[in-house]
Amino acid sequence: MTVEAILFYVFGILAVVSALGMVLNIRNTVASAMSLVVTMVSLGAIYLLLEAYLVAVIQIMVYGGAIVVLFLFVVMLLNLSTDEFPPGKQRVAKLAVVIVGVAILAQVLVALGQAPLLVAQPEAVPEGFGGYRQLGLSLYTDYVLLVEMVSLLLLAAIVGALILAKRKID
Amino acid sequence: MLPLDHVIGLSAILFTIGVLGVATRRNLIVILMSIELMLNAANLAFVGFNRIWSQVEGVPAIDGHVFVLMVIAVAAAEVAVGLGILLSMFRNRDSVNVEEVNLLKW
């Protein structure tokens, strides 16, 4: 087993454990958000191992730096240190969802174990793979329409968030 | 070399954890975080598949990374609007419990 594979398993286990910690932590929302940070940073490390350098940097900047801080900011604004709700009513439906989800996951994992559809040893990446030059060239030539659409979407999101956050629209 | 089967398996596991979080939790903040987790699992699958097919007949391919960037932008927009909805819900109901928001339920 190579160093890269060992690092992948370490960060993968870290990501799964902290994701479980986020979902299962029913007392403290701040701790949930912190677990989410650990998951995001572990995924960033895995992106580095997959030689997606620019994506790894953007993952850590945007998710670890911006989105989780936004979550923490809202938790602080609402003063929700604890999260103690009375027990819910739809226990059967939730149990059914859990069973179906785990069954689908098991099926996916079994299929991955059986079918050799993935190349176990992919060839070496071309020169400059995942760097800003290749990604930028692709973004602004092949996918320029997509970039424009995303800019429109972000504009709409800014306006929507402003209107929602306003107390009264006069 | 990385075990790429296991990268896709890790992506499936993270996605399932996100689905279970959305389905079982009642705190709207944690539900939004679980949605982020699912988007990240999809991103991991994109990056993993792009690593497998990093060049197609000698031509370098980067499309998976481009889609990851788009998903990150959509996730940022979704969090901004979702947290705005959460804030207005908290103002009206004084709670972030999603089971209390049942006006459209019959």
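Helices (H or I, at least four residues) and strands (E, at least two) are DSSP runs, numbered from the N terminus. The structure described here is a predicted model, in which local features need pLDDT of at least 70, side-chain atom pairs count only at pLDDT 80 or more, and totals for chains, interfaces and linings use all residues. Residues are numbered from 1 along each chain as its sequence is written, while chains are lettered from A and ligands numbered from 1 in the order in which they are written.

Chain A contains 6 helices and 0 strands, and its pattern along the sequence is α-α-α-α-α-α. A residue is called buried if 20 or more other C-beta atoms, placed from the backbone, lie within 10 Å of its own, exposed if 12 or fewer do, and partly exposed in between. Of the 170 residues of chain A, 22% count as buried.

The loop between H2 and H3 of chain A holds A:Glu51. Phi of A:Glu51 is near 60 degrees, a positive value in a residue other than glycine. A:Glu51 is partly exposed because 18 other C-beta atoms lie within 10 Å. B:Asp94 lies in the segment after H3 of chain B and is exposed, with 9 other C-beta atoms within 10 Å.

Attention now turns to the interior. A nonpolar core is a set of buried Ala, Val, Leu, Ile, Met, Phe, Trp, Tyr and Cys residues joined through C-beta atoms within 7 Å. The largest such core has 58 residues, and B:Leu14, B:Ile29 and B:Met33 have the most contacts inside it. Two or more residues each come from H1 (3-24), H2 (29-49) and H3 (53-78) of chain A and from H1 (4-24), H2 (28-52) and H3 (63-93) of chain B. H2(B) gives the most to this core, with 11 residues.

Two residues are in contact if their C-beta atoms, placed from the backbone, lie within 7 Å. Neighbours within four places in sequence aside, B:Leu14 is in contact with residues that include A:Ala15, A:Val16 and A:Ala19 as well as B:Leu37 and B:Leu44.

Between the chains, 61 residues of chain B are in contact with 69 residues of chain A. On the side of chain B that touches chain A, H3(B) supplies the largest share, 21 residues. The residues of this side comprise 41 nonpolar (Ala, Val, Leu, Ile, Met, Phe, Trp, Tyr, Cys and Pro), 6 charged (Asp, Glu, Lys and Arg) and 14 polar (the others, Gly among them).
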